[in-house]
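Trainee: I am new to this one. Can you take me through the terms and how each is decided?

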Amino acid sequence: EERDRSRRDRASFEEERAEAEDALQAARDELAEETRRLSERTASAEGALRRREIELREEERRLADEEERIGLVKEDLLRVRVDQEDRSERLGEEERALGECAASLQGRVATLVERERACTEMEDVVEGRFEALSARE
């Protein structure tokens, strides 16, 4: 009877051991499958991250190029503004010079008109004297 019990215990132990090994193998298989899935998800996430990093670098380059173009446009606008201010200043100077010239010409014209009037009066006086001399003779 002791042998039978020992055989039964041994059989029970072997059966439990086989069940434990099956459970352990199932856990190993499940762990291997989960590891495979996690590796795939990790690889996918890494790929998406690399693509996003590339997109961000391209966006940074595009923005840097745009900033450079904006800087060049600002420089051009500043140059145009300075040129316009210079031209405006020169035009103002020319306008003042032309105004002075016009005033000078106006003064000359007034002088010439006055001389013409004086000459006409002198001619009238001289003519009157000639007529008086002619009448005396």
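Mentor: We will go from the whole chain to single residues.
This is a predicted model, so local features need pLDDT of at least 70, side-chain atom pairs count only at pLDDT 80 or more, and totals for chains, interfaces and linings use all residues. Residues are numbered from 1 along each chain as its sequence is written, and side-chain values use heavy atoms, with hydrogens and water left out.

Trainee: Why is Phe130 called exposed?

Mentor: Exposed means over 50% relative accessible area, buried under 20%, partly exposed in between (1.4 Å probe, protein chains only). Phe130 has 54%, so Phe130 counts as exposed. Buried residues make up 1% of the 137 in the chain.

Trainee: Why is Cys101 called partly exposed?

Mentor: Cys101 has 39% relative accessibility, so the in-between class applies. Cys119, at 43%, is also partly exposed.

Trainee: How many disulfides are there?

Mentor: A disulfide is a pair of cysteine sulfur atoms within 2.5 Å. By that rule the count is 0.

Trainee: What makes Glu59 and Arg62 a salt bridge?

Mentor: The rule asks for a side-chain nitrogen of Lys or Arg within 4 Å of a carboxyl oxygen of Asp or Glu. Here the closest N and O atoms are 2.5 Å apart, so the pair qualifies. Both residues lie in H1, 3 residues apart, about one turn of the helix. Arg62 also meets Glu66 in a salt bridge, at 3.0 Å from N to O. The structure holds 14 salt bridges.

Trainee: What about Asp76 and Arg79?

Mentor: Their side chains meet at 2.7 Å, N to O, in another salt bridge. They are 3 residues apart in H1, so about one helical turn separates them. Salt bridges that share partners also join Glu33, Arg36 and Glu40 into one network.

Methods:
Helices (H or I, at least four residues) and strands (E, at least two) are DSSP runs, numbered from the N terminus.
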